[in-house]
Structure formats: structure tokens, C-alpha cells
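Here's a quick walk through one part of a fold. Have the viewer open while you read.

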Amino acid sequence: MKHFTLKRGLAAAFLASSALMAPPALAQGSDTLVIARSMDVNSLDPARAFCDTCQFYLTAVYETLVTLGADNKTLVPNLATSWEMNDDLTEFTFHLKDATFADGSPVEAKDVVWSMERLKNLKGSPSFLVDDLVSAEEVDPKTVKFTLGASNSEFLNKISAAYTGVINSDVAKEHGALDGVDAAEKDSSEPWFLENSAGSGPFMLKSYSPEAELRMARNDAYYGDKAAFSEVVVTQIQDAVSQAQALETGQVDIAMQIDPDTAASIRSPDVKTEIVPSFNFVYMGFIPGAKGMKDVLTPEVRRALALAIDYEGMLDFTVGGNGAQQAAPIPNGFPGTENLVPRTYDLEKAKAMLADAGATDLKLVAGYPNDNVYGVDFNIMMQKVQQDFAKAGVELELKPLTWAVWRDELGAGEWPVTAVYYAPDYYGSAQYVQYFGMIDGYPWAKRASVGDFPLVVNPAEGPLYEQALRSSGADADAAYAKLGQQMMDDAIILPLVSPNLVLAYRDDIEGVRYSACCNLPLAEISRK
Amino acid sequence: MADTTASLPGQTSGAMRLVRKLPPTAMIGALILLFWIFTVLTIQFWPLANPLDMVGRRLQPPSAAHWLGTDALGRDVFSRTMHGAVWSIPIAFLVVACAVAVGSVLGALSGFFGGWTDGIIMRLVDVTVAFPPILLAMAVAAMLGPGLTNASVAMVIVWWPIYARLMRAQVLEVKEREHVEAAIAGGAGPLRVLRVHVLPLCWTPTLINATMDFGQVVLLAASLSFIGLGAKPPSPEWGSMISEGATRFYSWWIAFGPGMAILTVVLATSFLGDGLRDVFDRRSS
């Protein structure tokens, strides 16, 4: 080891006390739109990608059959001009419009069939969107029919997710893309998708360098209204403060991940900030299947602990009040949430319930990713929980972890409390039941029970979910409302905060909005 | 070099003489260090807010009531900074002491006995030194899991080789001296020779180095906490406080307190170490 000198010590001290980084200098006021964000890209292949950045990239480059309207509720035509379904909600027929891919070839039923089969057979993260698809068939070049294994009133919503974007099958096949049942093992196109795109959207992929830059070029052959910018650059800027600085100096036009506190400190008159409710939420999860917790973290104890959290204070401490409480693990505004009432803080009742359950001297450990997501610093959030639990006589030890360690320890049931976040992939409540429902085999039932499903499975939820999928409209909403209530009573998932989202952009930019399916629709943005 | 032992600290007259010989910068360093040590020992009697309690609104800038403002959970940053010393200073002492103990023993054995003992220990030193210190500390801390105890273990692993090398070099030089040869000729056993005739003459560079490293250990501990491998929340550890402040840069006061605390400790130990070297080590001055 080298000996430390005074100078090096000083330099290190200053480094340690500052988190400034210089973002790259970029043109402003031009035909290029520059967006700052911390990119979380796992893949740029629609059937493999699963990330917030992917949502708006795929929306700009590929097109789905239907998409979500500006009200974030109504489904509107996209590649499909119209559609029909049978009464059972098992057969869906779509009529395609005369669209073309970026290379000029027409978008046909065979491309839709191929893309959907591939999405299902690649068994990637977004494959759950079409997991009940039995067959997709070409009726004629402009008509395609899907058949599902069971009724699904949310199928249309699911295929509004950006991951169901239609790929130019002829081009993709040339580069190793497959749609057969062996696609998961044999498809070799992933590297190609990192350098090229094959969609019908208003933009095309120009280049991507991981952790640095994602560049899209306008699709000049686009069949509809062409995009306003000839180029869109997403530049990697890690934290909210640096993003805000880049925005204030005009190095970027839009900053995607500014938290409300940072937004409040922006002084430049050239920057516009809008705070809108989001459908994202951060939650605490109980894991009764964790080591030694089976007889400790009973439903009564979990319900008592849920009442010991000061939810209003939580909202203030995590996002400065810029957010909302959320009752069940289904975001506010989604089907079935209208009449769900969030829990209210009741310390005395919590103490009484804990005493009744015989839970004295309760000591718990919380393992959670040491991260800052949607403006919520998990360390701050969990310290607040720690303080609240302490008031109820419960000791909570905090273990902030890296993502990799967190995943390992979660699977092994190392600790009984955790904290994570969730963002929707489309507008609809089924995805939440599919993920958070205490139903045999479902992801969170598995996590909470660490494989011992009977410990947490709620027998009421399975039939309610089937009922929700069979019905539509108000009946489906009613079923989701009951599911939400059941999930609240499970007291496994405790939504803590639904943070508001900050839309921050230079004042010469217009058309910026938040979409529940697509994050940030780039084609709608222009410069004044 | 014969009077080196006479001016070692520990004897009253020697200590007084040492204070008089120290340059003014070293005196300032010593005073700052004494201040922090005094803080550690007496902090519980200070009329400060509980560093873990919410005392006001969140993210308030410095005011008369809260000298360094409040953090994201409405805790008093000044109180947390002062209490942070209780975490950082004793740990730095402990880490340096362990590193000195382990490194000096191994280094002395290595230098005195030579041969395969020397070979094995020095290769171990080479391997450890081959890694950048922060990287090795991160790897060890990540492997053992986060927490200050594990971070301390990681830092001892990073630091002991310096002292092994220092001590070995000193022992190699001293063991060739005539009084050592005389002792061996007189029939003294090797361990006795090492303990009585060699080691007392080898401590000076180690002491100087340990003083200077003290600040660096505080810094490395803070760095590990900064990246989430050191102190666990809600401990008011300086590194984790800076980490909290870094994500709220406009609330500059959150990181300012602990940042200044680290700065003063690192500067103070550097000043003091430089001064001690000027006094003791004539070759470099």
C-alpha cells in the first residue's frame, strides 16, 4: 500500500464530502431531444426487456395493437383499428391498419402472430403478459385472432404493455430471432437487438452504449405523423441532483428522475416542473416463512404491526408530503381501488393487539435494497418504520443490502421484513393479483412463505381472481375491490407510499406526460 | 540513534521535551485530536438532542435551535455529527491498534528470523498490498456482510501489511548492530534478543505511521459506510450521514457537519504525524 500524504488525504476528504459529477455537455435548442435518466436497461429486445427505460424506448420504436389513452384508463387503437371478443372473453380478433415497418414493408398479421408467439416462448420477464395465450392465428393478412386458455377480461389491457410491440418478423428472423417452443434456448438475436431495431414506430434505434447513452433517430419513413425531433438521446445521469443541475444549465431538455424535494430547489426560470400522481408505490413486505418466524409473525401480529406505522408521517419523511397513501397493493385509481380505505395509524390498538397475541419483546430484522427509487430513500423510509415500531415496543434491526445480496437472502428467508417497489406495466389490476396475491404458486406468496405456501395462502383469493378475470366492467371492479380487501387483511404487503412523479423539462419543450403503460411517450414531445 | 529510546513518549520529561520540539502545525493537530477524544469521552453529558430522535421539521437549514439544521428525518445534524465521533474515533483507534499489533509481530518475526518465515509472511504482504485498499476492504466487507464490526475487520486486513513492512525493515537494520551480536554471543535466546535488544529500537516509524494512518482509517471507514458497507442506519456514522446528504445536495448542511468532522480528523492526524516525523526521524528531515 502506498503511504497516504497530506495532499491525498485532503483530496479524498473533499471527494468523500461531495457527490458532484459533471454531466457531458450536449447541444440545446436544436433538433435533438436530450433526456437525463439513470438507465436500468436489461435488454432492448421487446420480448426480453423489462425496465422503466425499456417502457418508453419500446413505445417509441415498436407499436402495440392497442395502447393507453392520455387519461391513463381508456384503451385506444394503435396498430389495430378495431377488435372483437367472444362472450367468454377467450377469443380476441383484431383488424390491422395499413401500417409499415421502418424498412417500408407492411405490418401484417404474420408479424403480430410471430411477435406474440415469441414473447410467450422466450419465457422472459414480460412473458407473463401472454402466459394464457393458447394460439395466435392469421385469419387474413390484416386480421389476427388470439385464443386464450381461460377467460381474461384484462387481455386487452395486457397487450397495451410496450413489451407486446410488433416486430418485423422477416428482418428479425434473419438475425437469429425465433418464435418456436425452443425459442428460450435457441434464440440468438439479443445482441442484434442492442444495435438495431425492427419496429413500425416513429423512431429507430441508432446506438446504445450501456450505462452511457441510448440514441434514437427519427423514422423518416413513418406512415403516420412524423416525430418532431430528428434524434432523441437518453443520457445516463445517476442521481436526482445531477439531473436537476443538467436541466438547469440546459444540457438536457427533460430530467426523468427528479424527486419533489430536489424539484422544489430548482431556481432556474427556464425549467418547468409539474408534480403528478403516479401509479408507482413502495411497500414493506412481511415474510412469515423466514427463519424462526413461523409462530412469531402470525396474521394477528402482522395486522398489529401494520397499525403501528405512522403513514402520514411516512409520507412526509419520504417524499415531503408529495405522494399518497395506498390501501392495498393495487395503485390508487386502478380498477377496484375506489372504495378501499388506507389503514390509519393507531398505536394504542397496535400495542393492545400485540399484547393479546403474546408478542412481547419482539425483535425483527429488515433486509432491503440500499436504493433510492421514485424519490424514496429506502434507508430513510425504514428508519421511520424503525422509530414507529420502537414506539410499539418492537425492535427492528435494519440491514441495507446490495441488490444481489438482497435477492439471495430473500430467497433463503434470512429476515422477516423487507421493502421493495412496484410500477405497473399496463393499466389493469390483474398484474397486482398475479404478483402480490396470496395464491398457491404466485411470486409473493412464494417469497412470504419461503416455499411453504399453506403458511400464507388465502383460500378466498384464488376464486375471486378467477371471477375477476371472467367478468368485465363494474363486476370485475367489484371482484378486484374484494381482492384488495383480502390482500389488506393478509397484512403481508403494506404499501407505505405512492410517491408523486415530477415531470421536469425546459420551458421550450411541450407534450411531456406520464403514461401508465409507456412511461414517457416520446413521439408526443416537441420544441416550441 | 542511541538516544532514540530516551525521547520516546511515555516518560514525563521525554513527553515535555517532545511537546516543546513539535512544530506549531503539529500542536494544532494534537489539539484537534484531543478535542475529538474529549468529545468521545464526554458526549453523553453534552446538552444535545438525542441523535436518533426527531426534534424538528425535516430538512430545515441551520438555525439557532439546530446549528447544522435537520436531516430528512428531522434529526439534529449537529448532535448527530458530534455523536458520530463515538463511532468513528474508537473504531479508528481499534483498527490502527490491531493493524499495528498484527503487522508489527509478523514483521518482526519476518525480519528477525528470515528464511522461510520471511518468505511466507512477505508474500502474504505482497498479495494484500497488490489490491487497491478500498477495493479489498469492499470485497471483505461485502463478503462478511455490512456492519461496522465487519468493516473494521476488513480495514485491519487492509492495513496490517504496512506495519509488517515497516517493522521488518527496522528489525533488519537493528539486528545487525553490535549490541545485538553481543547479546547473542552472550547466550541470550532468539526471542529474548528480539524482545529486549531489537524491538525497543524499532518503534519510532511505526508510531509516526500509526498517527498518520489514524485519519486515513476514519476516512476509509466513512467511505465504506458511504457505499453502504459500514455502519447500519440509524447510527450517526459520518460516512452514512454524508451518503444521506449526497442524495439531497441542496440541503447541503446534512453532509457539511460530518464532512467537516472527517476533514478535521484527517488534517489533524496528518499535521501531527508530520510533526512527529520531524522530531524523531532525522533521515527524512
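This is a predicted model: local features need pLDDT of at least 70, side-chain atom pairs count only at pLDDT 80 or more; totals for chains, interfaces and linings use all residues.

Chain A has an open sheet of 7 strands, and reading across gives β8-β9-β10-β1-β11-β21-β12 with mixed pairing. The edges belong to β8 (203-209) and β12 (271-276) of chain A; each has a single partner strand, so one side of each has no neighbour in the sheet.

Start at β8(A), which is joined to β9(A) by 6 bridges, with the two running antiparallel. If you want a pair to click on, A:S207 sits opposite A:R215 in β9(A). The two strands make a hairpin with 3 residues between them, and in the turn A:E211 has a positive phi of about 60°.

Next along, β9(A) pairs with β10(A), again in the antiparallel sense, over 5 bridges. Here A:M216 stands opposite A:V232 in β10(A).

## The β11 and β21 pair

Further across, β11 (residues 254-255) and β21 (residues 501-506) of chain A pair antiparallel over 2 bridges. A:A255 has A:A504 in β21(A) as its bridge partner.

## The helix across the sheet

How many of the residues of α2(A) are buried? The count is 10 of the 10, so the helix is largely enclosed by the rest of the structure. Among them are A:F56, A:Y57 and A:L58, along with A:D52 and A:Q55. The cover over these buried residues includes β1, β8, β9 and β10 of chain A.

Definitions and conventions:
Residues are numbered from 1 along each chain as its sequence is written. Chains are lettered from A and ligands numbered from 1 in the order in which they are written. Two strands pair if DSSP finds at least two bridges between them. Helices (H or I, at least four residues) and strands (E, at least two) are DSSP runs, numbered from the N terminus. A residue is buried if 20 or more other C-beta atoms lie within 10 Å of its own, exposed if 12 or fewer, and partly exposed in between; C-beta atoms are placed from the backbone. Two residues are in contact if their C-beta atoms, placed from the backbone, lie within 7 Å.
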